Amino acid sequence: MVETIKIMAIAAPVAYLLHCLEEFIVPGGFVTWYHHFRPALNKQSSGYYWCVNIIAFIIVAVTGFYAYFTNNNNSGLIISSSFLASNALFTHVFGAIKTHKYSPGMFTGVCLYIPICIICYVVAFSSHLINDNMLVIYIIIGPFYELWNYSKYKRLVRVK
């Protein structure tokens, strides 16, 4: 079971790179789609989104690296995989439903991020790497960034 966590530690950053490839290159168009989803942010440059993704990738890569090379230190990986799954749901899936348009990044988010997150939760919990209290805490912490972004956007829209 611990080998599975090590595989997820590699899979999470690789999935992130594939996700960025889908968002920005094939089929690309994430920035345009996102501005349709959140029109008040249409002044953000594509460079801004690249920076956000680079920072997030570094976090996912570091937590994966740490989980891969240490024993029983999987908290960062579990939280970052939960963040990725939350991004897939709150930005890509809900955004596609709201806009009635395909969200670049939704395929990799749904097909990679969500399974990686679920596998991390199940393996860490069933291997007794985390207890039920920590599992609940990680499930709560995961969507914080997405919820914070949503609340910032709602404040921005109210101010305008």
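What follows is a set of questions and answers on this structure.

User: What kind of model is this, and how are its residues numbered?

Analyst: Residues are numbered from 1 along each chain as its sequence is written, and side-chain values use heavy atoms, with hydrogens and water left out. Local features need pLDDT of at least 70, side-chain atom pairs count only at pLDDT 80 or more, totals for chains, interfaces and linings use all residues, and the model is predicted.

User: How are α1 and α5 oriented to each other, roughly parallel or roughly antiparallel?

Analyst: Two packed helices are described by the angle between their axes and the distance between the axes. Helix α1 spans residues 2-24 and helix α5 residues 106-126; their axes are 9 Å apart, at an angle of about 165°. Axes are lines fitted to C-alpha atoms, for helices over the stretch in contact, and angles run from 0 to 180 degrees between N-to-C directions. Angles under 35 degrees count as roughly parallel, over 145 as roughly antiparallel, 65 to 115 as roughly perpendicular and the rest as oblique, so α1 and α5 are roughly antiparallel.

User: How do the residues of the contact of α1 with α5 divide into nonpolar, polar and charged?

Analyst: Contact means heavy atoms within 4.5 Å. In α1 the residues include I5, M8, A12 and Y16, and in α5 they include L112, Y113, I116 and C120. Ala, Val, Leu, Ile, Met, Phe, Trp, Tyr, Cys and Pro count as nonpolar, Asp, Glu, Lys and Arg as charged, and the others, Gly among them, as polar. The contact of α1 with α5 divides into 16 nonpolar, four polar and one charged.

User: How is α1 oriented to α4, roughly parallel or roughly antiparallel?

Analyst: Helices here (H or I, at least four residues) are DSSP runs, as are strands (E, at least two), numbered from the N terminus. The axes of α1 and α4 come within 10 Å and cross at roughly 30°. That makes α1 and α4 roughly parallel.

User: What is the handedness of the crossing of α1 and α4, and which residues of α4 make the contact?

Analyst: A crossing is left-handed if the near helix is turned anticlockwise from the far one by less than a right angle, and right-handed if clockwise. The crossing of α1 and α4 is left-handed. From α1, the contact is made by I5, M8, A9, A12, Y16, H19 and E23; from α4, by L77, L84, N87 and H92.

User: Is S80 buried or exposed, and which backbone oxygen does its side chain reach?

Analyst: S80 is in helix α4, residues 75-99. Buried means under 20% relative accessible area, exposed over 50%, partly exposed in between (1.4 Å probe, protein chains only), so S80 at 4% is buried. A polar contact is a pair of N or O atoms within 3.5 Å; within protein, one must be able to donate a hydrogen and the other to accept it, and residues adjacent in sequence count only if both atoms are side-chain atoms. At 3.2 Å, the side chain of S80 reaches the backbone oxygen of L77.

User: Leaving aside its neighbours within four places in sequence, which residues is S81 in contact with?

Analyst: S81 is also placed in helix α4. Its relative accessibility is 1%, so S81 counts as buried. Beyond neighbours within four places in sequence, S81 is in contact with Y113, I116, C117 and C120.

User: How far apart in space are V31 and S46, C-alpha to C-alpha?

Analyst: V31 lies in helix α2, residues 30-37, and is buried, at 15% relative accessible area. Leaving aside neighbours within four places in sequence, V31 is in contact with F24, S46 and Y49. V31 and S46 are 15 residues apart in sequence; in space, C-alpha to C-alpha, they are 6.2 Å apart.

User: Which residues is L18 in contact with, leaving aside its neighbours within four places in sequence?

Analyst: L18 is in helix α1. At 40% relative accessibility, L18 counts as partly exposed. Leaving aside neighbours within four places in sequence, L18 is in contact with T108 and L112.

User: Is the peptide bond from V26 to P27 cis or trans?

Analyst: Most residues other than glycine have a negative phi, and most peptide bonds are trans. P27 is in the loop between α1 and α2. The bond from V26 to P27 has omega near 5° and is cis.

User: What is the phi of H100?

Analyst: H100 is found in the loop between α4 and α5. Its relative accessible area is 72%, so H100 is exposed. H100 is not a glycine, yet its phi is positive, at about 60°.
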